[in-house]
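This report goes through a structure for a reader who has not seen it before. The sequence and the model come next.

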Protein chains: 2
Amino acid sequence: MALIVQKYGGTSVGSTDRIRNVAKRVARWKAQGHDIVVVPSAMSGETNRLIALAKEISPQPDPRELDVVASTGEQVTIGLLSMALQEEGLKAKSYTGPQVRVLTDSTFTKARILSIDDERLRRDLQAGYVVVVAGFQGADEAGNITTLGRGGSDTSAVALAAALKADECQIYTDVDGVYTTDPRVEPEARKLNSITFEEMLEMASLGSKVLQIRSVEFAGKYKVKLRVLSSFQDEGEGTLITVEEKNPMEQPIISGIAFNRDEAKVTILGVPDRPGIACQILEAVAEANIDVDIIIQNISHDGTTDFSFTVARVELPKTLRILDTVKGQINAREVLSDNKICKVSAVGVGMRSHPGVASRMFRALAEEGINIQMISTSEIKISVIIDEKYLELAVRVLHKAFGLSESAER
Amino acid sequence: MALIVQKYGGTSVGSTDRIRNVAKRVARWKAQGHDIVVVPSAMSGETNRLIALAKEISPQPDPRELDVVASTGEQVTIGLLSMALQEEGLKAKSYTGPQVRVLTDSTFTKARILSIDDERLRRDLQAGYVVVVAGFQGADEAGNITTLGRGGSDTSAVALAAALKADECQIYTDVDGVYTTDPRVEPEARKLNSITFEEMLEMASLGSKVLQIRSVEFAGKYKVKLRVLSSFQDEGEGTLITVEEKNPMEQPIISGIAFNRDEAKVTILGVPDRPGIACQILEAVAEANIDVDIIIQNISHDGTTDFSFTVARVELPKTLRILDTVKGQINAREVLSDNKICKVSAVGVGMRSHPGVASRMFRALAEEGINIQMISTSEIKISVIIDEKYLELAVRVLHKAFGLSESAER
């Protein structure tokens, strides 16, 4: 008998029929003797509908009031799901975030969880209830309603699992696990039985949007056993996201190939190579709330250097306007940009103990005539920026080069 | 400068445009230097949508969970209205019932307000905020979300006005006040400038559904000055519902003619006239949750009497099934029923000091050949049950007989 926190995404509770299916699934787990806490999202489309209403009233709605409105989506689901569980013959009880209470800071629309009072939930679990807690929301010290931002229900579930010291936190979604790469690009992509938190973070930030990054960080920090599962299949173990790395000898070198086609590349040529110059460029960009991804600066020639970085493609025009000003200030020669690029990355904790991963990656790309424009590496990831048109080819080539299709599941 | 509680019904906040209009109206009151607390209902149709969702899941939803779901309607409105007030340049802040806190008993779906903590609201009002409080909802001692039942937002507003000792509680609705009778039946019906609580109670319970009965009782009990106004007109003083009666000499005899066509009549013939018999009949009906309106029992002949009462027309078949059993138990002769009836009532505190009201009423009906089937009277009301086909005629005849059209407004 275990204590399990199950999180169901918006698609999984997108209609009353689907809510009924979730209730049946919970009932099966309960029948096996487990204690269950369920964290549902809002019904799919509901949060967008509520935010659209708010924007009709005010183009930039007051964040406190926006949270009052947006948090109702999850509140509807917890009530409906509790009713559905009762229809399955279970005892069930719902709680909003403020009721639990999930204490957060006061950063409306993207609050952070500070603590969770688990007393009431434990009492209900002991009394045999399935406890249904609204994801995405909490209340600050003064009792104001807060929300955790998009995808915040994942974070709610992980935080509840940590507070309750749950045996496992299961994230039910519309995919059946984490794959070696996107199966729409590489049909031979294989579901991973397990992946480490670090790898998951790299995969998630690279565009495999299975889990919200913050929830993975949270799970890693509090050692919560996290599992991604499909809510539309009854079979399958999903993908377990683990803290422990396996024996390095058993460790595959690369766990997956991630990619992102929504980036654009900017290069400032002839930047005077003096201390503080990178900061001067990036601060101007950051002040405009533009997130920078890869940053590359190479050694200088003749006192100047070339400075490159990537931004989300939609931010390129705004970025170029800012750099036009910066260029004059720092006395740089020219600004170049390219939005026909993409990023492809090989991710794996195994590369720590295996040399030669980078060269194997570059050779595989070279053999297909794919030119590498930029390279960026971290402890467990190698990313390259290449021409957008080579994206699918590069993913398939690397998937094969690192033996991801044919290797045994781990 | 006054403290005013304004309640806006579902139609008044039925769209984002209408919410903007409410904000403009509040801004005008605020500009006159008043402190304003606003209590909006859910957007029209929203509560029905939420209850329908719940019924899709469960034909008889758990009341606690139903309240969790249903209370979200008002929560959306308070957030949207606060945003709209901010767009008008006002400081505004919303509170749910549990946040205030509006403490209720634990009778889910029809809870009663026990107390209201006014501290937070007073602090905000002093700081210049328009305070927006969700109607219809509260929380019990344990923090469970409760709702007050249909029309409960009126009660919320009156209770807030009482707790804050507000100078006036304004109920904005889609009519511009209380009329001497329904203008759709009698085009010469006239808006009343004032009406007493007692009259309003009789008018409301008789089918003039302007205000929820409980809110009127509440207002009377706590001496809250209550005013019914139109949210679609900028002019007009509406109708003031007062505690004080005017000088009896100025008092019109009758304030209005109310009617109800949704009733059915039941008569049990040959009921043995012994103590406890009425109770035996009505208890069986009450146990089936059927509300009885008028009850009439006349003197007995030869040890038996005839016992009549009216119920809502939709409850007639169920009532007859119950009486079929009761008839045998009490040894009555026969059960008769008629659902082609209606009730017409003359209401007015003036009848206390004016004799002859009943006879004037009966004469007016007789002159039109309208036969009276049942009569029931109270301190300030005379009701007759007549054939349904005479409803409009009877209303117009009585409206004229008591001089309601031509008399000066009071």
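Which residues does A:Ile241 touch, not counting residues up to four places away in sequence? They are A:Ile195, A:Thr196, A:Phe197, A:Met200, A:Leu211, A:Leu226 and A:Val228, where contact means heavy atoms within 4.5 Å.

The model is predicted: local features need pLDDT of at least 70 and side-chain atom pairs pLDDT 80 or more, while totals for chains, interfaces and linings use all residues. Residues are numbered from 1 along each chain as its sequence is written, chains are lettered from A and ligands numbered from 1 in the order in which they are written, and side-chain values use heavy atoms, with hydrogens and water left out.

A:Ile241 belongs to strand β12 (residues 239-242) of chain A. Helices (H or I, at least four residues) and strands (E, at least two) are DSSP runs, numbered from the N terminus. With a relative accessible area of 1%, A:Ile241 is buried; buried means under 20% relative accessible area, exposed over 50%, and partly exposed in between, with a 1.4 Å probe and protein chains only. A:His301 is 60 residues from A:Ile241 along the chain, and their C-alpha atoms are 45 Å apart.

In chain B, 8 strands form an open sheet of mixed pairing, in the order β3-β6-β2-β1-β9-β11-β12-β10. Two strands pair if DSSP finds at least two bridges between them. Direction ignored, neighbouring strands of this sheet are turned by 20° against each other on average. Strands β11 (residues 226-230) and β12 (residues 239-242) of chain B are antiparallel and share 3 bridges; B:Leu226 has B:Ile241 as its bridge partner in β12(B). Helix α1 (residues 16-31) of chain B lies across β1, β2, β6, β9 and β11 of that chain, at about 170° to β1(B). Axes are lines fitted to C-alpha atoms, for helices over the stretch in contact, and angles run from 0 to 180 degrees between N-to-C directions.

In a regular strand the side chains alternate between the two faces of the sheet. In strand β3 (residues 92-95) of chain A, A:Ala92 and A:Ser94 point one way, A:Lys93 and A:Tyr95 the other, and all are buried. This strand runs parallel to β6 (residues 130-133) of chain A, with 4 bridges between them, and A:Lys93 stands opposite A:Val131.

Over all chains there are 6 aromatic pairs. Rings of Phe, Tyr and Trp (its six-membered ring) pair if their centres lie within 6.5 Å; planes under 30 degrees apart count as stacked, over 60 as edge-to-face and the rest as tilted. The table gives two of these pairs.

| Pair | Centre distance | Plane angle and type |
|---|---|---|
| B:Phe218 and B:Tyr222 | 5.0 Å | 35°, tilted |
| B:Phe307 and B:Phe309 | 6.2 Å | 65°, edge-to-face |

B:Tyr222 is partly exposed at 44% relative accessible area, whereas B:Phe307 is buried at 2% and B:Phe309 is buried at 0%.

A:Asn144 lies in the loop between β7 (137-139) and β8 (145-147) of chain A and is buried at 11% relative accessible area. Among the residues that A:Asn144 touches are A:Phe108, B:Gln99 and B:Arg120. The charged end of A:Arg64 sits over the ring of B:Tyr95, 5.4 Å from its centre. For this, NZ of Lys or CZ of Arg must be within 6 Å of the ring centre and within 35 degrees of the ring normal.
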